[in-house]
Amino acid sequence: MIDLTGMISIPYLKKTVFTGSEKGTNFMIRKISGEEGEAITWPGPFIFSVTEDEKKTYQEFEFSEDGIKAAVAWLNEVT
């Protein structure tokens, strides 16, 4: 189970992306615009940039604390 409590925040995601892995699935959480973010999953062991686009799954979320929680909940559903 992915638990990112205390590991990421809005100020952190404004500057960089958060990546991780769980049970052979890699994931990324990032800001994509002013009030939107996205979570992305793809199969391991390869990094995002060398994985074929058709193997990536995207989910948009509101760029807020509640949105980040929703993104983590989605990641837990799909991993």
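These legends describe close-up views of a predicted model. Local features need pLDDT of at least 70, side-chain atom pairs count only at pLDDT 80 or more, and totals for chains, interfaces and linings use all residues. Numbering starts from 1 along each chain as its sequence is written, and side-chain values use heavy atoms, with hydrogens and water left out.

**View A. Aromatic cluster of Tyr-12, Phe-18 and Phe-27.** Rings of Phe, Tyr and Trp (its six-membered ring) pair if their centres lie within 6.5 Å. Planes under 30 degrees apart are stacked, those over 60 are edge-to-face and the rest are tilted. The count by this rule is 3 aromatic pairs. One of them, Tyr-12 with Phe-18, is edge-to-face, with 6.4 Å centre to centre and 65 degrees between the planes. Tyr-12 is partly exposed at 35% relative accessible area, whereas Phe-18 is buried at 10%. Buried means under 20% relative accessible area, exposed over 50%, and partly exposed in between (1.4 Å probe, protein chains only).

**View B. Lys-56 over the face of Phe-48.** The distance from Lys-56 to the ring centre of Phe-48 is 3.7 Å. A charge sits over a ring if NZ of Lys or CZ of Arg is within 6 Å of the ring centre and within 35 degrees of the ring normal. Lys-56 also contacts Thr-51 (contact: heavy atoms within 4.5 Å). Trp-42 and Phe-46 are in contact with Thr-51 too, leaving aside neighbours within four places in sequence. Thr-51 sits in the loop between β3 (36–43) and β4 (57–62). Strands (E, at least two residues) and helices (H or I, at least four) are DSSP runs, numbered from the N terminus. Thr-51 counts as buried because its relative accessibility is 8%.

**View C. The cis peptide bond from Gly-44 to Pro-45.** Omega is near 10 degrees here. Pro-45 belongs to the loop between β3 and β4. Most peptide bonds are trans.

**View D. Lys-23, with a positive phi.** Phi of Lys-23 is near 50 degrees. Most residues other than glycine have a negative phi. Lys-23 lies in the loop between β1 (18–22) and β2. Lys-23 is exposed, at 69% relative accessible area.

**View E. Thr-41 in strand β3.** Thr-41 is buried, at 7% relative accessibility.

**View F. Glu-35 beside Glu-62.** These two residues are 27 apart in sequence and 6.0 Å apart in space, C-alpha to C-alpha. Glu-35 is placed in the loop between β2 (25–33) and β3. Glu-35 is exposed, with 65% relative accessible area. Not counting residues up to four places away in sequence, Glu-35 touches Phe-61, Glu-62 and Phe-63.

**View G. The largest pocket.** Its space is about 170 Å³. On a 1 Å grid over the protein atoms alone, a pocket is an open set of points where a 1.4 Å probe fits, with protein on both sides within 12 Å along at least five of seven lines. Points are joined across faces, edges and corners, and volume is the space filled by probe spheres set on them. Lining residues, with an atom within 4 Å of a point, include Asp-3, Leu-4, Glu-65, Ile-68 and Lys-69. By class, the lining has 5 nonpolar, 2 polar and 3 charged residues. Nonpolar covers Ala, Val, Leu, Ile, Met, Phe, Trp, Tyr, Cys and Pro; charged covers Asp, Glu, Lys and Arg; the others, Gly among them, are polar.
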